[in-house]
Amino acid sequence: MDLKDKVAVVTGSAQGIGKAIALTLARNGADIAVCDIDEELAGQTAGEIEKTGSRAMSCKLDVSQISSVEEMLKKILDKYNKIDILVNNAGITRDALMIRMKEKDWDSVLNINLKGVFNCTRAVSRVMMKQRSGRIVNIASVVGIMGNAGQANYSASKGGVIALTKTCARELAGRNINVNAVAPGFIRTRMTDKLTDEVKNSFVKTIPLAKLGQPEDVADAVLFLVSGLSKYITGQVIKVDGGMVM
Ligand code: NAP
């Protein structure tokens with residue numbers, strides 16, 4: 001999959017799934033912008049990416065703030081002059097049962113996970129529309145399809161990301177911009193390391209492939225969706241979940 005001369009922006013890519021995506025795209029030739037709220041870690045990750053031989057830069061980004069997104073865009077265009085790929089990966093959890101969920105936890109999850117995708121997509125798609133080409137991949141979740149007790153805010157945000165993906169796919173298709181989503185199941189990262197062994201084991205029992213996924217499993221699906229192998233695919237949701245939801 002040759003991504004040479006392509007520029008990829010990956011949000012929330014200082015660590016976890018986003019970092020695996022950024023490294024995978026870089027190993028396949030893309031130049032990367034590592035954008036994350038954790039500026040220091042983003043800088044370290046960009047340093048690791050440069051060892052692949054691709055170019056990398058880091059940007060402080062809060063996806064929930066339009067001004068921060070606009071600043072990021074300017075910085076990236078100053079350096080690379082174009083954007084071919086946007087991966088909307090930044091996301092958080094603030095879990096609680098719905099009746100006990102605090103308003104601030106509802107708001108922060110929706111603002112980062114859903115409004116953040118809107119903010120970045122709207123800003124970057126203007127650039128892609130002028131170029132008349134682009135690929136956008138949104139990282140959703142299987143809980144956006146099936147719901148999950150204790151995650152009213154998170155599952156609503158990810159369901160929203162899936163609907164937003166389909167709408168953007170319809171609106172941007174005429175400009176040769178494909179928009180798809182990847183819905184991971186239970187992937188081993190810091191986000192899931194927080195869960196108790198009991199909760200993890202109960203999840204594994206529901207997975208036909210009987211193990212947790214790795215960040216690289218999600219990255220491989222993203223690589224397919226930004227490559228020439230998927231040029232006739234748009235508005236789709238690819239589950240990377242070991243068969244958990246089918
Ligand atoms: P992670 O390890 O927590 O990494 C997420 C990164 O995004 C962190 O570096 C985080 O920085 C950053 N971030 C948080 N808020 C941000 C903001 N407002 N603007 C920019 N960056 C921000 O999470 P992950 O497990 O890799 O998850 C990545 C994506 O996959 C998320 O969208 C998540 O919902 C989705 N996903 C994960 C799983 C899973 O099992 N892990 C399953 C389904 C879907 P801080 O650490 O400083 O907050």
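Notebook, surface first: I take a patch to be made of residues with over 30% relative accessible area and no salt bridge, with nonpolar side chains joined within 5 Å. The model I am reading is a predicted one.

By that rule, I find a nonpolar surface patch formed by Leu 97, Met 98 and Ile 99, which together have about 360 Å² of accessible area. I looked up Ile 99 on its own: its place is the loop between strand E4 (85-88) and H4. With a relative accessible area of 74%, Ile 99 is exposed.

Next, the inside. I find 45 residues in the largest nonpolar core, and Val 9, Cys 35, Met 72 and Ile 76 have the most contacts inside it. Among the elements that give two or more residues to this core are strand E1 (7-11), strand E2 (31-36), helix H3 (66-80) and helix H4 (103-131). H4 gives the most, with eight residues.

I then followed Val 9. Beyond its neighbours within four places in sequence, Val 9 is in contact with Ala 33, Cys 35, Met 72, Ile 76, Ile 83, Ile 85, Leu 86 and Val 87. Apart from this core I also noted another, of 32 residues, including Ile 17, Ala 26, Ala 42 and Ala 219.

Last, aromatics. How many aromatic pairs does a search of the whole structure find? I got one. Phe 186 and Phe 203 make a tilted pair, 4.7 Å centre to centre with 35 degrees between the planes. Phe 186 sits in the loop between E6 and helix H7 (190-193) and Phe 203 in helix H8 (residues 197-204), so the pair ties together parts 17 residues apart in sequence. Phe 186 is buried at 5% relative accessible area, and Phe 203 is buried at 19%.

Methods
Residues numbered from 1 in each chain as written. Predicted model: local features only at pLDDT ≥ 70, side-chain atom pairs only at ≥ 80, totals over all residues. Heavy atoms only, no water. Core = buried A, V, L, I, M, F, W, Y, C linked by side-chain atoms within 4.5 Å. Buried < 20%, exposed > 50% of the residue type's maximum accessible area, 1.4 Å probe, protein only. Helix = DSSP H or I, 4+ residues; strand = E, 2+ residues; numbered from the N terminus. Contact = heavy atoms within 4.5 Å. Patch = residues over 30% accessible without salt bridge, like charges linked within 9 Å, V, L, I, M, F, W, Y side chains within 5 Å. Areas by Shrake-Rupley, 256 points an atom, 1.4 Å probe, with all protein chains shown as cover. Salt bridge = Lys/Arg side-chain N within 4 Å of Asp/Glu carboxyl O. Phe/Tyr/Trp six-rings, centres within 6.5 Å; stacked < 30°, edge-to-face > 60°.
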